[in-house]
2 protein chains.
Amino acid sequence: MANPKGISNSPSSRKVPLNRDVVLSTALELVDTEGLDGLTMRRLGQELERDPMSLYRYAANRAALLDGITELVLNELAIFADDPDWQAQLRRIAHDLRLLALRHPNVVPLLVTRPLSTPLGLRPLGTLRPLEQILGLLIGAGFSPADALHVYRAYYGFLYGHILNELQEYIVDPEENVALLRLGLHRLPVTEFPTLRALGPVLADYDGDAELDQGLTLLLSGLAAQLAG
Amino acid sequence: MANPKGISNSPSSRKVPLNRDVVLSTALELVDTEGLDGLTMRRLGQELERDPMSLYRYAANRAALLDGITELVLNELAIFADDPDWQAQLRRIAHDLRLLALRHPNVVPLLVTRPLSTPLGLRPLGTLRPLEQILGLLIGAGFSPADALHVYRAYYGFLYGHILNELQEYIVDPEENVALLRLGLHRLPVTEFPTLRALGPVLADYDGDAELDQGLTLLLSGLAAQLAG
DNA sequence: GCCTAAAGTCTACATTGTAGACTAGTTGTC
DNA sequence: GACAACTAGTCTACAATGTAGACTTTAGGC
């Protein structure tokens, strides 16, 4: 938010030269602060002090821009494909991705949704890199390719599921969280939602990190055993 | 006058009387056949032979319409909360939901995405019912409320993750599937994506049902053990 | 027949993505 | 220096969308 209203630009700080990365990062900022709907071509153009049309030099259209954003975010994820301890590595990646998702909650719908409309082979390379690297990691650790794929699927499925789950209960201000939760639950018909209503307090304190970790332990050891036998 | 004016013998079919269910089901059909973007107020109005504006009697706005669709779809899911065999029940539900997702692939983004923008307590009741019922099932099977929530989260997280995973690789025509896959993989830079490219054939025959089932076995038995100890 | 409420329609408008033609600035070539 | 070729950016314009607000039509009850 270096330039909230647009006018604060001194003549010396001439317009930033544009390139794909600048465009995408600004777009990401915009999505982070104003949500997905806040990202319009016009708004982004204004943020960059350009005509909206100039953006089309750096992304074919809005959809491509969204793809670019997901790529950008996934690039923040570091994967060390040569780590011999695959379990530890997968565990670390999972926690990293979780934090990434919490840092960019508005991007998560993109992460989850964009691949649904693009066949695997045609996705932005940046989004395929984690897949490639994790497969490499697993195969490097001794798994057969087919087993590696199997492990990957179980792992990534679980991971994305957890993130979605957690984000559904996530609200920025923890105070407001409890309040909103109570308010919401109170609204539910008692006769039809007794359990849910009773669980209010338990719902309120949710340790996503711990829950993820437990799930991982269960999944990874299970997978290891399954594949050993 | 045997037909005062209501039915001014419009060319083809006389208008169906409107109500929320008709509107929502037609909307769902539209989403199924033409995708999410195909669902516009004007298009839906046309489908129902009404002015688009009349739809606002049955859904406050487009977002509410989407919520209604997710509710409609989730209503197709039967849950027997009094089944003493919780594992079998969860397993069956999972397979049912998977089939549901495959039957309405275009709705899956809604299923996953809508809850992210609505705090739990304010969601359409229909979308909370599965949660309530599964919690009931688990508590009925002897779990403490907190443990039930824990199990539910692991379970639903995994389930949604799997569905997303599978749908990412799902393409209607299996012939085209293989073709597109090959085509796409071939496009990938060899140096950067050796593993992925090599896995082409293995990727192509993916048995989502089996994979889901294995994952469930692992997860459920793991959870049972974890909670017993 | 009149009255009321519900159902449906018409018009109008602000916002959006983006096509297409154009301009200004930079660079390389002779 | 003249000029061509690019590259970056702008301007105008348009079709599509969601939806507000005022209106008209229909159905039932009295």
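Start with the surface near DNA strand D: its residues split into 6 nonpolar, 3 polar and 7 charged. Here Ala, Val, Leu, Ile, Met, Phe, Trp, Tyr, Cys and Pro count as nonpolar, Asp, Glu, Lys and Arg as charged, and the others, Gly among them, as polar; "near" asks for a heavy atom within 4 Å. This is a predicted model, where local features need pLDDT of at least 70, side-chain atom pairs count only at pLDDT 80 or more, and totals for chains, interfaces and linings use all residues. Residues are numbered from 1 along each chain as its sequence is written, chains are lettered from A in the order in which they are written, and side-chain values use heavy atoms, leaving out hydrogens and water.

Now select A:R50: one of its polar side-chain atoms sits 2.5 Å from a phosphate oxygen of DNA strand D. Over in chain B, B:M41 places a backbone N or O atom 3.0 Å from a phosphate oxygen of DNA strand D.

Next, salt bridges (a side-chain nitrogen of Lys or Arg within 4 Å of a carboxyl oxygen of Asp or Glu). Pick B:D96 and B:R92, which pair at 2.6 Å, N to O. Then show B:R98 and B:D209, bridged at 3.4 Å. B:R98 is in helix 4 of chain B and B:D209 in helix 11 (residues 208-228), so this pair ties together parts 111 residues apart in sequence. (Helices are DSSP runs of H or I, at least four residues, numbered from the N terminus.)

Last stop, chain A: A:E34, A:R43 and A:E47 are joined into one network by salt bridges that share partners.

Note on methods
Polar contact = N/O pair within 3.5 Å; in protein donor to acceptor, adjacent residues only side chain to side chain. Helix = DSSP H or I, 4+ residues; strand = E, 2+ residues; numbered from the N terminus.
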